Amino acid sequence: MGNDSAVMEPGNPGNEMSFAVLFKKLGVENYSICLGTGPQADGYLTWNDPHIQEYPELFARLEVPVESGYWMVTLTDFRLGNQMIACESGCGAVLDSGTSLIAAPFEPFSELSSRADDLITDCSDITGLPDLHFKLDGVPFSLPPDSYIGKVHGKTSKDISAHFRKSGNENRSCQAALMHVSMDSAMGARILGMPFFRKYYSVFSQPTAKSGAAVYTTLASEECLPAAEQDAAAAGRPPRAGERRPGAARQETIDASALHVPMWATAYSAEAYGRPGQNLLSKGRGLSRSAGRKVVRGVPSRLRHDAEEGGAHALLVEQ
């Protein structure tokens, strides 16, 4: 585990040098992420999220192997519709809100890109295209067609051009919207980026003396809350993996100039960076020790403190 890892390892003396120790020192035991589905929609970062304690039956718990140094879970049976793409025998998937798209090593990236492009016949309606299906820690999940196909405009930056290329087909307005990335991991990691958080409300929980690191997930509502929380009495169960998020957008417009891949994925070096991981608080300022929510609107330019109803503190990121 490197000094910039976001997952702490109980008993490891390197914890005190880790960015992840900020969570403990600020009294943050967990945080959740949910992203809106529309263009420039709000996204939310909630620290000390109470939902997994109040509604534990609504969430699927995904174990995070601490030795990986990432917010990584085991990925199996990655399919496009019924077609196997990768990870039939298992691989790793990093859940990372700092990666704009789904990212994969060259072979699965090329396979999925090719099959996605072959499926496109009408860019004005992709609702009939197959979903992506996969299992995380044995739990079935799915993502809709707008997670891997989109209408792309703008010019990619020099750094991103190594990971994403616009289609050269001028007669087609949409294309496979995927990224190529290489990571030094024994599990051969893929990255489930922002498309995952547009469908699933996800809580990242640091390890304790009684339990290991884990990610808890459930279907998100239009308001970026656990969807099952609102209809638990009627449904009596967590949402099934293939269910649609209420009000979810079915077309995604992608600004290539705004695409992002985190530093630990683009400039990875085992010698220089150790085992890097997602660090959402490394740039945080003045966080409260109580529960709170951070609202991310569009492309942030400044931070200000505010208070939500009930006195919980929030960080609002404004344009």
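Let's start with C224, which is buried, at a relative accessible area of 1%; buried here means under 20% relative accessible area, computed with a 1.4 Å probe on protein chains only. This is a predicted model, where local features need pLDDT of at least 70, side-chain atom pairs count only at pLDDT 80 or more, and totals for chains, interfaces and linings use all residues. Residues are numbered from 1 along each chain as its sequence is written, and side-chain values use heavy atoms, with hydrogens and water left out.

So who is the partner of C224? It forms a disulfide with C34, the sulfur atoms sitting 2.3 Å apart; a disulfide is a pair of cysteine sulfur atoms within 2.5 Å. This pair ties together distant parts of the chain, 190 residues apart: C34 lies in strand β1 (residues 30–35), and C224 in the loop between β15 (214–219) and α5 (227–235). Helices (H or I, at least four residues) and strands (E, at least two) are DSSP runs, numbered from the N terminus. C34 is buried too, at 1%, and the link is left-handed, with -85° about the S-S bond.

Next up are C87 and C91, with sulfur atoms 1.9 Å apart in their disulfide. Their link is right-handed, at 85° about the S-S bond. C87 is buried at a relative accessible area of 10%, and C91 is buried at 6%.

Then there's the disulfide that joins C123 to C174, S to S 2.1 Å. It links distant parts of the chain, 51 residues apart, with C123 in the loop between α3 (106–119) and β8 (132–136) and C174 in strand β11 (residues 174–176). Both cysteines are buried. The torsion about the S-S bond of C123 and C174 is about -80°, so this disulfide is left-handed.

That makes 3 disulfides in the structure. Count the bonded cysteines along the chain and the pattern reads 1-6, 2-3, 4-5.

Technical notes
Buried < 20%, exposed > 50% of the residue type's maximum accessible area, 1.4 Å probe, protein only.
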